[in-house]
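This briefing covers selected local features of the structure shown below.

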Amino acid sequence: MDLTTDYLGLKLKNPLVVSSSPLTESVDNILRLEEAGAAAVILPSIFEEQLALEGNSIDSDISRGTESFAESLSYLPVYEDYRQGQDAYLSLLHHARLRAGIPVIASLNGATAGGWVRFAKEIEQAGADGLELNTYSLVTDPAMTSGQAEQALVDLVRSVRQNTKLPIAVKLSSNYTSLPNLARQLDGAGADALVLFNRFYQPDFDLEQLDVVPRLALSRSEELLLRLHWVAILYGNVKANLAVTGGVHSGQDVLKSIMAGAQVAMMVSELLARGIDQLSNIRAQLMRWMEEHEYQSIDQMRGSLSRRSVPDPSPFERGNYIKTLSSYTLRTPVA
Ligand SMILES: Cc1cc2nc3c(=O)[nH]c(=O)nc-3n(C[C@H](O)[C@H](O)[C@H](O)COP(=O)(O)O)c2cc1C
């Protein structure tokens with residue numbers, strides 16, 4: 001059975017990729033992930049704010065005094081605890097690359113084009129197999145239009161593209177007005193893959209402290225549906241590879257991701273909750289299903305449930321909304 005898949009110009013032994021998280025912040029863990037069956041890993045992100053703060057050869061973006069930087073400065077000490085800076089990042093990358101037999105993809109996390117993107121070149125020199133660009137950004141300024149927000153993202157991708165020859169994957173948020181059009185613009189800006197989607201972390205309200213507090217809950221399989229929907233719509237409409245992140249917890253979830261049109265399915269929450277060895281169970285589930293249903297390869301399944309391939313594409317469109325709402329029947333009479 002052929003589990004191989006192409007992603008970012010790399011030949012991967014299977015479609016299971018471990019996404020950016022603390023799971024990949026040590027070489028030992030990366031080796032354990034490889035042993036459990038991961039086909040590639042993505043390192044934790046190094047952040048725009050962190051790179052700009054550390055300055056050195058990189059322009060000091062802080063002097064721009066933008067609103068986003070003023071906000072960032074208040075939480076940067078957390079970053080300094082969580083990540084130990086550029087040198088440690090490059091060292092992790094270098095050692096992971098030396099010792100692991102699977103591709104190691106670095107992750108840059110930022111929202112605005114600036115001197116910090118030159119770090120992409122250093123990532124390339126340290127031996128990364130690819131670069132994931134996490135573009136988590138939130139528009140809070142009522143004066144900014146959706147067109148301007150998209151343009152900022154496209155400019156950012158273009159400026160990273162100018163700084164490295166590495167294949168670039170762009171990790172997107174789901175909140176865009178016309179994702180298919182944005183995806184095409186990102187194609188044009190040099191994205192080699194689109195990773196769908198960043199999880200949108202909302203803070204909770206602490207009613208006793210009357211404060212707003214961060215809250216990170218691990219994902220559940222239900223969250224996969226949003227990714228499947230958009231991968232199925234984008235498949236065949238963009239040059240970039242497609243990857244799923246968010247809600248992949250089982251072999252079935254991996255199969256669905258591939259059938260929607262993804263090259264790879266990424267995982268974090270499942271492995272944080274159940275341990276790294278869960279990867280080998282997921283791989284076994286994937287193989288068992290393929291065997292039972294007489295599939296010989298991953299490539300054979302790709303896109304078979306995409307919007308282009310299914311006889312009735314209406315489940316991906318507005319018709320689905322009407323059908324779904326009217327399919328609900330009340331179980332007990334409502335007073
Ligand atoms: C504790 C934790 C740390 C994370 N750190 C990063 C990060 O540094 N950069 C990034 O792009 N994504 C980060 N993520 C998001 C994951 O890469 C992934 O996209 C997300 O968790 C959805 O996948 P899942 O449903 O398999 O967890 C993090 C997730 C968790 C749970």
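Leaving aside neighbours within four places in sequence, Leu8 is in contact with Gly130, Pro167, Ala169, Asp192, Ala193 and Asn241; two residues are in contact if their C-beta atoms, placed from the backbone, lie within 7 Å. The model is a predicted one, in which local features need pLDDT of at least 70, side-chain atom pairs count only at pLDDT 80 or more, and totals for chains, interfaces and linings use all residues. Residues are numbered from 1 along each chain as its sequence is written.

**Leu8 and other backbone features**

- Leu8 lies in the loop between strand 1 (5–7) and strand 2 (10–12); helices (H or I, at least four residues) and strands (E, at least two) are DSSP runs, numbered from the N terminus.
- Leu8 is buried, with 23 other C-beta atoms within 10 Å. A residue is buried if 20 or more other C-beta atoms lie within 10 Å of its own, exposed if 12 or fewer, and partly exposed in between, with C-beta atoms placed from the backbone.
- Although Leu8 is not a glycine, its phi is positive, at about 55 degrees.
- Leu8 and Leu53 are 45 residues apart along the chain, and their C-alpha atoms are separated by 30 Å.
- Glu294, a residue other than glycine, also has a positive phi, near 55 degrees, and is placed in the loop between helix 11 and helix 12.
- Glu294 counts as exposed because it has 7 C-beta neighbours inside 10 Å.
- A cis peptide bond, with omega near -10 degrees, runs from Leu196 to Phe197. Phe197 is found in the loop between strand 8 (193–196) and strand 9 (204–206).

- Within helix 1 (residues 27–36), the residues Ile30, Leu33 and Glu34 are buried. They lie on the same side of helix 1 because they cover an arc of only 100 degrees around the axis, the arc being that of the directions from the helix axis to the C-beta atoms.
- An α-helix has 3.6 residues a turn, so residues three or four places apart point the same way.
- Strand 3 (16–18), strand 4 (40–47), helix 4 (86–99) and helix 11 (278–292) are the elements against which the buried residues of helix 1 pack.
- The axes of helix 1 and helix 4 are 9 Å apart and form an angle of about 35 degrees. Axes are lines fitted to C-alpha atoms, for helices over the stretch in contact, and angles run from 0 to 180 degrees between N-to-C directions.
- The crossing of these two helices is right-handed, a crossing being left-handed if the near helix is turned anticlockwise from the far one by less than a right angle, and right-handed if clockwise.
- Helix 1 contributes Val27, Ile30 and Leu31 to this contact, and helix 4 contributes Leu92, His95, Ala96 and Arg99.
- By class, the contact of helix 1 with helix 4 has five nonpolar, one polar and one charged residues. Ala, Val, Leu, Ile, Met, Phe, Trp, Tyr, Cys and Pro count as nonpolar, Asp, Glu, Lys and Arg as charged, and the others, Gly among them, as polar.
- Gly37 follows helix 1 and has a positive phi, near 120 degrees.

**Helix 9**

- Helix 9 (residues 251–260) is largely enclosed by the rest of the structure, because nine of its 10 residues are buried.
- Among the elements covering the buried residues of helix 9 are helix 8 (224–234), strand 11 (241–245) and strand 12 (264–267).
- Leu255 lies in helix 9 and is buried, with 21 other C-beta atoms within 10 Å.
- Not counting residues up to four places away in sequence, Leu255 touches Leu286 and Trp289.

**Ligand surroundings**

- Of the 19 residues around the ligand, Ser19, Ser20, Ser45, Ser219 and Ser269 come nearest; a residue is near a molecule or strand if its C-beta atom, placed from the backbone, lies within 6 Å of it.
- Strand 4 and strand 5 (104–109) are the elements that give two or more residues to this shell.
- The shell around the ligand comprises five nonpolar, 12 polar and two charged residues.

**Ser314**

- Ser314 is located in the loop between helix 12 (298–301) and helix 13 (318–326).
- Ser314 is partly exposed, with 13 other C-beta atoms within 10 Å.
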